[in-house]
Amino acid sequence: PANVTNVLTVTDVNISNNGSDYICFQSLTVVSDSVILTVYGPPDSITTISISRNTVTSCGFTVQWSDSYSNPVCGSVWYIVTVSTGGLVINSTNTSLTEFTVTGLNASTSYTVSVTASNIAGSSDPMNTTLMTDSNIGIPTASPNITEVIPVTNTSFTVNWTSVDPSYNYTVIWTSLRTGVVSSSTFPGNVTSYNVTGLSDTDNYNVRVAAVDTCGVRSSDPVTVYDSPDFEYCISYNDGPQLQLRSNFTVELPRMSRRLTYFINYTTDT
């Protein structure tokens, strides 16, 4: 402005700001040839940190905390959550919330959780807590059993299984024996039957059912499902696998170094 006759340029302010590129101040007052800054520093340490036992599983937990920070001049505060075990940091996350769920941990393992409050002026001292993950919570107690697999058409079958616990989800997994392609569908715990459709009529499948909880799965033994073709034949040798093929086929017998006798049996619907 035209009525300003003296301009004071501040070139060096002796303020410690924890290595930040910012100085967050509440007010600036010019008195004679001095500049008086009322400076805000980093937030204080958080006041409480807790982990409720009902959130602890064999693979994770939820940590909650609180603080008394209220400083709109310096902008929002965020928190740095660090999880370590044996001195090794395995997770470090920034969040604006006051709780964080940690997953992907090992069962029966001790972990240290550290939470630090930060703003543009710097960071507080961390607050720590330690806990032990559970040995089995979050892992199904048993595997479901497949009770029946019923071919419905050339391209579908129905699989039935026993429920382990209605609180689990169940995943039906079927694998093509010809291509190795794996497909699956997941259902809530009150479902114990599923009709698998859209299959190839020139393929056979392994099917299994897995109980799924937050930290792991337990799967049934696989069951091989053969399709129901109009015309089929099997090759069996040395008590080995049985292969189902279709009409208009060429029989390719196994190549072996010793003499064997082969038998081809086939049936038709007529």
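Student: What percentage of the 270 residues in the protein is made up of buried residues?
Tutor: Happy to start there. This is a predicted model, in which local features need pLDDT of at least 70, side-chain atom pairs count only at pLDDT 80 or more, and totals for chains, interfaces and linings use all residues. Residues are numbered from 1 along each chain as its sequence is written, and side-chain values use heavy atoms, with hydrogens and water left out. With buried meaning under 20% relative accessible area, exposed over 50% and partly exposed in between (1.4 Å probe, protein chains only), buried residues of the 270 make up 30%.

Student: What is the average pLDDT of the protein?
Tutor: The pLDDT is the predictor's confidence in each residue, from 0 to 100. In this protein, 66% of the residues score at least 70, and the average is 76.

Student: How many contacts does the stretch of residues 228–262 have in the model, beyond near neighbours in sequence?
Tutor: Contact means heavy atoms within 4.5 Å. Residues 1–21 have a pLDDT below 50 and, beyond near neighbours in sequence, 17 contacts in the model. The pLDDT is also below 50 over residues 228–262, and the number of contacts beyond near neighbours there is 57.

Student: How many helices and strands are there in the protein?
Tutor: Helices (H or I, at least four residues) and strands (E, at least two) are DSSP runs, numbered from the N terminus. By that assignment, the protein has zero helices, and its strands number 21.

Student: Which residue in E7 is the bridge partner of Phe61?
Tutor: Two strands pair if DSSP finds at least two bridges between them. E4 and E7 run antiparallel and are joined by four bridges. Phe61 has its bridge partner in E7, and that residue is Val102.

Student: Which E7 side chains point to one face and are buried?
Tutor: The side chains along E7 alternate between two faces.

Student: Is Ser84 buried or exposed?
Tutor: Ser84 lies in strand E5. Setting aside neighbours within four places in sequence, Ser84 is in contact with Val89, Ile90, Ser110, Tyr111 and Thr112. Its relative accessible area is 16%, so Ser84 counts as buried.

Student: How far apart in space are Phe157 and Asn195, C-alpha to C-alpha?
Tutor: Phe157 lies in strand E12 (residues 156–161), and at 1% relative accessibility it counts as buried. Leaving out neighbours within four places, the contacts of Phe157 include Trp174, Tyr194, Asn195 and Val207. Phe157 and Asn195 are 38 residues apart in sequence, yet their C-alpha separation in space is 5.8 Å.

Student: Why does Asn160 count as buried?
Tutor: Asn160 also lies in strand E12. Among its contacts, leaving aside neighbours within four places in sequence, are Asn145, Ile146, Thr192 and Ser193. Asn160 counts as buried because its relative accessibility is 16%.

Student: Why is the pair of Phe187 and Tyr194 tilted?
Tutor: Rings of Phe, Tyr and Trp (its six-membered ring) pair if their centres lie within 6.5 Å; planes under 30 degrees apart count as stacked, over 60 as edge-to-face and the rest as tilted. Four aromatic pairs turn up in the whole structure. Trp161 and Tyr170 are tilted, with centres 6.3 Å apart and planes at 45°. Phe187 and Tyr194 have centres 4.6 Å apart, and they are tilted because their planes are at 50°.

Student: What is the phi of Ser108?
Tutor: Most residues other than glycine have a negative phi. Ser108 lies in the loop between E7 and E8 and is partly exposed, with a relative accessible area of 45%. Although Ser108 is not a glycine, its phi is positive, at about 55°.
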